[in-house]
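Biologist: I have a model open and would like to go through it with you. Can you put it on the screen?

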Amino acid sequence: MKKLNGSQMISEALKHEGVSVVFGYPGGAALNIYDETYKQNYFTHILTRHEQAAVHAADGYARATGKVGVAFVTSGPGFTNAVTGLATAYADSIPLVLISGQVALPLIGTDAFQEIDAVGISRPCVKHNFLVKTVDELPLVLKQAFYIARSGRPGPVHVDIPKDVTAAIGEFKYPDEIKMQTYKPNTKGHPNQIKKACDAIAKSKKPIAYIGGGAISSNSSDEIRKFLSKTKIPAVETLMALGVLRSDDDLNLGMVGMHGSYAANMALSEADLIICLGARFDDRVTGKLSEFGKNAKVIHVDIDPSSIGKIVNAEFPIVGDLKNVMIELNSKIDLDPANFASWRDQIKIYENLHPLGFKDSDEVLKPQWVIQNIASIVGNDAIIATDVGQHQMWVAQFYPFNHPRQLLTSGGLGTMGFGLPSAMGATFGSDKPVIAVSGDGGFLMNVQELMTLSANKKRVINIVLNNNFLGMVRQWQTFFYGGRYSNTDLELQPDFVKVCEGFGGIGFSVETKDEFKKALQTALKSDTVSVIEVKIDRFENVLPMVPAGAAIYNMILE
């Protein structure tokens, strides 16, 4: 065993974990960590311009690659700035390890400069957290942090390390494996439960597969596609699951929920069996709970036992890794797909009755047209990051997602300011084109990361759909608040072209279809960050829309 100080132990642990990139921002309590970061050559450190963006970038990197994202911050405001990033990752089950500096152990509890109870603050919005009190426990804590973050239901883990611990000398022995008495995720579904699920599927007349973000976390897309191909059961996807199925798959009814397709919402409402695969029955999907799936029994597959039965009762609970369960399910399911022909015919009527669409215009750019044409110009392999709001829903409705990990978006927490830094994180983990779609409101919340991209010579194409409104809130004010646009009118906005140019990138402002196509093609050929401001119809709405508290079959369609 070799003797190392705490900061050296952090670098060595990241080497053992195969970490190649860390996002962060230095400060007093983290100085020892950053001094060692300067000396080591195991990983690249990316200096972001804000701690929130550092965690969002680590999040975007994790979503795009499936690896654990890592971020460093300092104590006090450095940590509190990072909390929104932790909560965002926690809501969407994204594997992260956040290492924060803390004031020295003797100063904890004295209201020292930049002291904050980081562990107390992070506890509600992380999977687990640690306050490291001795250098000798640091190697085990770091190993546990990565293990907990990536195993079971993934999530962020916070490790708070006092400054004197990062300087103390201890023996470094990094564990080869981890066994924790109080944490043992069950990865194999119970065979009897899987058999009962197969029997329930065979007996059903109107089954629907309800696919959630757990399908992407577990890398089970291929098995789910195989299951649907074999059974011909129609499927709906949550926002977090887009890309599990190909967008052009005849069995894929599209996104379900508040802004889901008419066919998806009606099919889920009328099903007699809901096969829930890695979803959690979020309120944006269920709508009025007493009206949700009233005639359906539920098969619920999830690695997190606390999610099963939490919102909707499951007659057939299966606790296990979704990929493993789907492999078993595919090996045991035996039925005639023709059994569901009349059900598929009924759903086809719904698809034809109210298909997703929009009224195009040559007078003003329609956001739906813009989203569709991103794909036609960039290609279907691009990674698409979004901010939160109307543009996020238009992307979900109109972009043809065909691969897992293609969409990076804040689903559970709905964090404005997520789009740009998460796209930035993705560029450090993928060579694919990365497009960030934002609204003019959310884009300004982390606009400083244009500088990080420019400094690192990384290309992210930022498409800002500018309607000079906080669009989604304005839409609610239109429908439910008598058109009283309280603090949502953003008529005065900066010159987005000059803003991007000021950060060293290139900017475009477009108002016509030809201008948009030319700008996007130019941005694709460039090797630097860019912003394309797209001036769209100010009062375009996202439809369908399920009003808050309504059943998901009660949609506003026009």
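Biologist: How much helix and strand is there over residues 5-120, and how far apart are the end C-alpha atoms?

Modeller: Over residues 5-120 the chain is 46% helix and 18% strand, with the end C-alpha atoms 26 Å apart. Helices (H or I, at least four residues) and strands (E, at least two) are DSSP runs, numbered from the N terminus. This is a predicted model, where local features need pLDDT of at least 70, side-chain atom pairs count only at pLDDT 80 or more, and totals for chains, interfaces and linings use all residues. Residues are numbered from 1 along each chain as its sequence is written, and side-chain values use heavy atoms, leaving out hydrogens and water.

Biologist: What does UniProt list for residues 5-120?

Modeller: An unreviewed UniProt entry lists them as "domain: Thiamine pyrophosphate enzyme N-terminal TPP-binding". UniProt positions are in the numbering used here, feature names are shortened, and annotations may be inferred rather than shown by experiment.

Biologist: Next, helix α11. How many of its residues are buried?

Modeller: Eight of the nine residues in α11 (residues 262-270) are buried. Buried means under 20% relative accessible area, exposed over 50%, and partly exposed in between (1.4 Å probe, protein chains only). Among the buried ones are Tyr262, Asn265, Met266 and Leu268.

Biologist: What covers them?

Modeller: The cover includes strands β9 (207-211) and β12 (273-277), and also α14 (341-353). Contact here means heavy atoms within 4.5 Å.

Biologist: Changing topic, how many aromatic pairs are there?

Modeller: The count is 18. Rings of Phe, Tyr and Trp (its six-membered ring) pair if their centres lie within 6.5 Å; planes under 30 degrees apart count as stacked, over 60 as edge-to-face and the rest as tilted. One of the pairs is phenylalanine 358 with phenylalanine 398, edge-to-face at 5.7 Å centre to centre and 90° between the planes.

Biologist: Where in the chain are those two?

Modeller: Phenylalanine 358 is in the loop between α14 and α15 (367-378), and phenylalanine 398 is in helix α16 (residues 390-398), 40 residues apart.

Biologist: Is each one buried or exposed?

Modeller: Phenylalanine 358 is partly exposed at 24% relative accessible area, while phenylalanine 398 is buried at 10%.

Biologist: Which residues have a charge over a ring?

Modeller: Lysine 458 lies over the face of phenylalanine 428, 4.9 Å from the ring centre. Arginine 474 has its charged end over the ring of phenylalanine 469, 5.8 Å from the centre. The rule is NZ of Lys or CZ of Arg within 6 Å of the ring centre and within 35 degrees of the ring normal. Phe428 also belongs to a cluster with Phe23 and Tyr61, linked by ring pairs.
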